[in-house]
Amino acid sequence: MEEKIRDLYKCNKLIGDDSLVIWHNQVIEKKVDELSISDVARCIRQNLFLESAYEMLLVYLLHNPYAGDVYEGELMDKAGEIDHDYLIKHKETILEIIENAKSFIAKYDWQCDEDKSEFIEAVDKLSEII
């Protein structure tokens with residue numbers, strides 16, 4: 001049985017009723033593979049549970065290079081912020097994500113050129129790291 005986030009990171013529920021505390025208390029009760037795209041993006045933004053967030057970020061990007069929470073393509077942007085050692089450790093997966101993303105760029109019906117340019121920049125940034 002896969003452990004919940006609270007067990008992996010040895011953390012407890014927080015006390016409070018603001019949105020971050022509520023989210024934290026919900027996410028620590030999840031298993032890694034139960035983290036949503038929104039959870040992954042927020043974990044990275046909040047610098048919490050990063051190993052688990054990175055693991056699921058790779059899973060989501062393999063299925064949809066344009067995945068995001070606040071905006072489309074957010075996870076690709078976040079991939080460029082991942083620790084270099086983690087990226088190298090998962091080089092084959094990253095290379096597959098980059099290849100899929102480049103194929104995606106040509107096929108996607110972009111709403112505007114700026115979105116396309118920003119996505120290409122995110123893919124190029126990840127490519128440069130690897």
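## Basis of the model

This is a predicted model, in which local features need pLDDT of at least 70 and side-chain atom pairs count only at pLDDT 80 or more, while totals for chains, interfaces and linings use all residues. Residues are numbered from 1 along each chain as its sequence is written, and side-chain values use heavy atoms, with hydrogens and water left out.

## Helix 2 against helix 3

Two packed helices are described by the angle between their axes and the distance between the axes. The axes of helix 2 (residues 19-27) and helix 3 (residues 37-46) come within 12 Å and cross at roughly 120 degrees, so helix 2 is oblique to helix 3. Here helices are DSSP runs of H or I with at least four residues, numbered from the N terminus; axes are lines fitted to C-alpha atoms over the stretch in contact, with angles running from 0 to 180 degrees between N-to-C directions.

On the helix 2 side, Ser-19, Leu-20, Trp-23 and Val-27 meet Asp-39, Arg-42, Cys-43 and Gln-46 of helix 3, where contact means heavy atoms within 4.5 Å.

Leaving aside neighbours within four places in sequence, Val-40 is in contact with Leu-35, Ala-53, Met-56, Leu-57, Tyr-60 and Leu-75.

Tyr-60 has its place in helix 4 (residues 50-63), and its C-alpha atom is separated by 9.4 Å from that of Val-40, 20 residues apart along the chain. With a relative accessible area of 21%, Tyr-60 is partly exposed, a class that lies between buried (under 20%) and exposed (over 50%), as found with a 1.4 Å probe and protein chains only.

## The loop between helix 3 and helix 4

Most residues other than glycine have a negative phi. Asn-47, in the loop between helix 3 and helix 4, has a positive phi of about 60 degrees although it is not a glycine, and Phe-49, which lies in the loop between helix 3 and helix 4, has a positive phi near 50 degrees. Asn-47 counts as exposed at 55% relative accessibility, whereas Phe-49 counts as buried at 8%.

Definitions and conventions: Helix = DSSP H or I, 4+ residues; strand = E, 2+ residues; numbered from the N terminus. Parallel < 35°, antiparallel > 145°, perpendicular 65-115°, else oblique.
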